[in-house]
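I opened the model to look up its nonpolar core and the strands around it. My entries follow.

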Amino acid sequence: MKMQIVPLSTLRGHAGNSISSVCFINELKLASCESKSGTLILWDLERFRVLQRIQGDGSGGLKVGKIQSEHECLFYQQRDKISLYNVNDMQVTKRINTVAVGFCKAAICGSYVFFPSQPLDGPHEIKIWDAFIDPLASSIMTFAAVESSPNTKATSKLGMMTSLSVLERGKSLYVMCCGMESGDIFLTTFTINSVEQLGLKTISCIHRCSISVGTEPVLCIDLAVSASSSIDDFGNSIVGIAGIAGDAAELANKKDQGTIFIFKLSSPSEFSDAILCKIRKRLETCPIGDPTLSGKPGVGCCTFRSDGKLFAVGGWDKRTRIFSRGGKLLRIMKGHNNSIVDMEWQPTRRLCFKDQSMTQPPRLVTAGGDGRICVWEVEL
């Protein structure tokens, strides 16, 4: 069923300045950052008000996120640095200088931070930092996101890295997806191992593969574990979604006009380390054929709900769409006046009444180029 609803609340503390990222620190506390000034805001989602504002230093904001630790720890990626904040007093606890090229956001998986560091036309590399360790006392690991092979395009033709997602599949086993400006997606499975005698960590690549989803930049990727697989079983266990750029004029004459892709990662057998990747479905956002609609079918962000059964997509057409994991459109929501650039599902909420408690459906927050943050009730 397709339904268009209005948001539960709209947060306007960014005064119309474009937002680049939002994240939940806990069930009722949200963080957001501005793309140009780098201003950082903490929100109270119980009363829908600003808790704290940290004025930006002019270094554009890229991503905010939560680092898993004993204390609430906020990750903040800017153009020239990555900072960790203690949420209780919003003081910087750690900081590293970076060289960001383009607009690719970092990925956070547990305590590990994965971020791109690449020249425009050189090797595409990922830096990996364990945020629990002081960056001055440990080396930051470097990992090749794209490995040259006869079947791989020349790195100069891949363009910049435009999106990044990492999923942990077991103890020290990870899956990484890198979206490229060329429309290619590179997937890698690898392990991070500790060398206790030396106090170092090493990376071991297990397998690589790639797929092409067109010729437009891959602007967002997310991965989820299949509900039918155990955490230690990689075979037939991971589903991914990706969104690409594109406008109506560019796609009008193409046979395939979808800008959302569902893909599946699997292992050919339980005895093989290899992985296979196959596109399962291509979905459209807004209609392209009707000139009166003047739709913008590009996708700015996408994310799975924590249970992997639903995913949300934020479009250039200012709308949020909710799909089942199989690709069925369930809901369309409009609350923005500009493209949607980021979104995140709220952690599971529990309401307590005397001696009883009940789990509430998670909310979804979306952030747009209009400076708005919309809070949605998604009961599906």
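I took a nonpolar core as a set of buried Ala, Val, Leu, Ile, Met, Phe, Trp, Tyr and Cys residues joined through side-chain atoms within 4.5 Å. Buried means under 20% relative accessible area, exposed over 50%, partly exposed in between (1.4 Å probe, protein chains only).

The model is predicted: local features need pLDDT of at least 70, side-chain atom pairs count only at pLDDT 80 or more, and totals for chains, interfaces and linings use all residues. Residues are numbered from 1 along each chain as its sequence is written, and side-chain values use heavy atoms, without hydrogens and water.

Core. I found 22 residues in the largest nonpolar core; Phe114, Ile126, Ile128, Leu164, Met176, Phe190 and Ile192 touch the most other members. Elements giving two or more residues to this core include β12 (112–117), β15 (161–170) and β16 (173–180); strands here are DSSP runs (E, at least two residues), numbered from the N terminus. β16 gives the largest share, four residues. Another core, of 19 residues, lies apart and has Leu167, Leu187, Ile238 and Phe263 among its members.

β16. Seven of its eight residues are buried, so β16 is largely enclosed by the rest of the structure. I noted eight bridges in its antiparallel pairing with β15; two strands pair if DSSP finds at least two bridges between them. Leu164 stands opposite Cys178 of β16. Two residues separate the strands in the hairpin of β15 and β16, where Ser172 has a positive phi near 70 degrees.

Sheet. I read the order β11-β12-β13-β14 in an open, antiparallel sheet of four strands. β11 and β14 are the edge strands, each pairing on one side only. β11 and β12 are joined by three bridges, and Ile108 stands opposite Val113 of β12.
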